[in-house]
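Here is a report on one protein structure, written for someone new to reading them. Take a look at the model first, and then we'll walk through some of its features.

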Amino acid sequence: MKITARVFQKKIFETTLKSVAQSEKQIDAEKGFRGIGRLCGLAYCRELIFSTTAAGENVISIMRIDAQTLRSKFYGKVKYTAQEVLDEVITFGKRFSKDTVSEHWFKVEMLDINAENEILLNESLIKEYLSFVAPVEYQNYFSYSYEIYKHAAA
């Protein structure tokens with residue numbers, strides 16, 4: 001069987017996203033560690049979906065995690081290994097875009113937010129929170145950006 005670039009990319013996508021605590025990142029040089037952060041959304045929704053595509057492709061790779069089933073496995077009377085649970089709750093798929101994308105992208109979706117976490121759907125509160133914990137650069141036309149950056153560096 002001839003291995004195409006697409007088959008290779010699909011295998012990397014599936015292996016990378018399904019693995020837990022096996023990131024190859026350098027802890028002191030790169031953001032994130034062990035690939036666990038991407039799974040935090042599992043506590044807040046019924047289903048967590050990761051979608052991505054590579055530049056120049058029209059294939060969208062998709063990983064779906066049934067968060068509700070995953071949580072039920074933790075609290076049930078039957079004991080499962082982590083691998084057994086992951087194998088049951090994760091599915092992979094793909095869909096085709098009508099257009100070839102020009103840039104790589106990665107999207108995370110949390111479907112059916114749990115009632116106790118509906119604050120996540122309040123856009124103004126989330127913007128306010130993110131402005132403190134994940135600030136972004138100022139627009140180039142913001143006249144006070146230089147002074148603010150200078151003050152923050154001091």
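## A salt bridge to start with

What do the side chains of Glu 47 and Arg 64 meet in? They meet in a salt bridge, with N and O 2.8 Å apart. The pair ties together distant parts of the chain: Glu 47 sits in strand S1 (residues 45-53) and Arg 64 in strand S2 (residues 59-66), 17 residues apart. Keep in mind as you read that this is a predicted model.

How covered up are these two partners? Glu 47 has a relative accessible area of 12%, so it counts as buried, since the cut-off for buried is under 20%. Arg 64 has 34%, so it is partly exposed.

Glu 47 has another partner. It also forms a salt bridge with Arg 46, where the closest N and O atoms are 3.7 Å apart. Arg 46 is partly exposed, at 32% relative accessible area.

Arg 46, Glu 47, Arg 64 and Asp 112 are linked in a network of salt bridges. Asp 112 belongs to strand S4, and its relative accessibility is 47%, so this residue counts as partly exposed.

Most residues other than glycine have a negative phi. Asp 112 is not a glycine, and yet its phi is positive, about 55°.

## A salt bridge within a helix

How many salt bridges turn up in a search of the whole structure? The search finds five.

Are Lys 127 and Glu 123 buried or exposed? Both are exposed.

## A nonpolar patch on the surface

Next, have a look at the outside. Tyr 44, Phe 106, Val 108, Met 110, Ile 119, Leu 120, Leu 121 and Leu 125 form a nonpolar patch on the surface, and together they have about 710 Å² of accessible area. Which element gives the most to this patch? That's strand S4 (residues 105-113), with three residues.

Val 108 lies in strand S4 and, with a relative accessibility of 46%, counts as partly exposed. Phe 106 is in strand S4 as well, and it is partly exposed at 43%; the limits for that label are 20% and 50%.

## A pocket to explore

Rolling a probe the size of a water molecule over the atoms shows where empty space is left. In this model, the second largest pocket holds about 220 Å³ of space. It is lined by 14 residues, and Leu 70, Phe 74, Thr 81, Ala 82 and Val 85 lie nearest its centre. Helix H2 (67-75) and helix H3 (82-89) are the elements that give two or more residues to this lining.

What kinds of residues make up the lining of the second largest pocket? There are 10 nonpolar ones, along with two polar and two charged.

How values were computed. Residues are numbered from 1 along each chain as its sequence is written. This is a predicted model: local features need pLDDT of at least 70, side-chain atom pairs count only at pLDDT 80 or more; totals for chains, interfaces and linings use all residues. Side-chain values use heavy atoms; hydrogens and water are left out. Patches are made of residues with over 30% relative accessible area and no salt bridge: like charges are joined within 9 Å, nonpolar side chains (Val, Leu, Ile, Met, Phe, Trp, Tyr) within 5 Å. Accessible areas come from the Shrake-Rupley method with a 1.4 Å probe; for residues, only the protein chains shown count as cover. A salt bridge is a side-chain nitrogen of Lys or Arg within 4 Å of a carboxyl oxygen of Asp or Glu. Helices (H or I, at least four residues) and strands (E, at least two) are DSSP runs, numbered from the N terminus. Buried means under 20% relative accessible area, exposed over 50%, partly exposed in between (1.4 Å probe, protein chains only). On a 1 Å grid over the protein atoms alone, a cavity is a set of points where a 1.4 Å probe fits but cannot get out, and a pocket is an open set with protein on both sides within 12 Å along at least five of seven lines; lining residues have an atom within 4 Å of a point. Grid points are joined across faces, edges and corners, and a volume is the space filled by probe spheres set on the points. Ala, Val, Leu, Ile, Met, Phe, Trp, Tyr, Cys and Pro count as nonpolar, Asp, Glu, Lys and Arg as charged, and the others, Gly among them, as polar.
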